[in-house]
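Dear colleague,

Please find below the structure that I am handing over to you. My notes on what was found in it follow directly after.

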Amino acid sequence: MPRPGRSPEVAASVVLAGTRRSLALAHLPRGDAPRESGGPTDPGGPVRISDFPVPDTLAARGALALAEQYQSPAITAHALRSWLWAEAFAVVDGIRNLDRELLYVAAVLHDIGAVGEFDNHRLSYEHAGGHVGVALTAGAGWEQSRRERVLEVIVRHNWPSVDSTMDAEGYLLEIATGLDISGARPDALPEDFRREVLAAHPRGALAAEFGACVVD
């Protein structure tokens, strides 16, 4: 329960700050994953949502189906914005060699461990959500090392920072969620793109809903 006089949003920020500090020393195994290029052909040109097609795969469709079934519309919109921010940061930061399906699945599911059905009294919500991703991708036929990467990327989205040379997808999801929750690096992405993403996936009641989930 939040302290008297403390809003759920502020309480959640305190919880998340502690979680980020505690995860800074975490180590998870890194498996090999297929790398794919993508995004705008001209990194210096305009960025649009249409530059980033949703992966047409069983795992990607399953991740979105789980998100839409179990998460609120506001939290799912946050997940989709985070994916688009991550893809755009890859363009801005010159990261072209990505496992784009992995990035999408991890982004869409990165907060699913905070909903009641997947809450885990023994694990943090990001670890719980990461294991949902492992189960989903096992059903989609991913090999073990790549399934473990889903867990790794979801957990690392709560790290204070991620080295892009060590984990490009984890780095992108960490800075993308940092933008969407904390407003980090807002001017790094083109304003027209930010407006397009927010129009397609409005914030709604994210602050109150996410804060309540994390505090609970």
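**Basis of the model**

This is a predicted model, in which local features need pLDDT of at least 70 and side-chain atom pairs count only at pLDDT 80 or more, while totals for chains, interfaces and linings use all residues. Residues are numbered from 1 along each chain as its sequence is written, and side-chain values use heavy atoms, with hydrogens and water left out.

**The protein chain**

The protein chain has 9 helices and 0 strands, taken as DSSP runs (helices H or I, at least four residues; strands E, at least two) and numbered from the N terminus. Of its 216 residues, 49% count as buried.

**Confidence**

Mean pLDDT (the predictor's confidence in each residue, from 0 to 100) is 82 for the protein chain, with 74% of residues at 70 or more. Confidence is highest in helix H4 (residues 100-109), at a mean of 98, and lowest in helix H1 (residues 8-23), at 41. Over residues 1-35, pLDDT stays under 50. Where pLDDT is low, the predicted coordinates should not be read in detail.

With kind regards

Notes:
Contact means heavy atoms within 4.5 Å. Buried means under 20% relative accessible area, exposed over 50%, partly exposed in between (1.4 Å probe, protein chains only).
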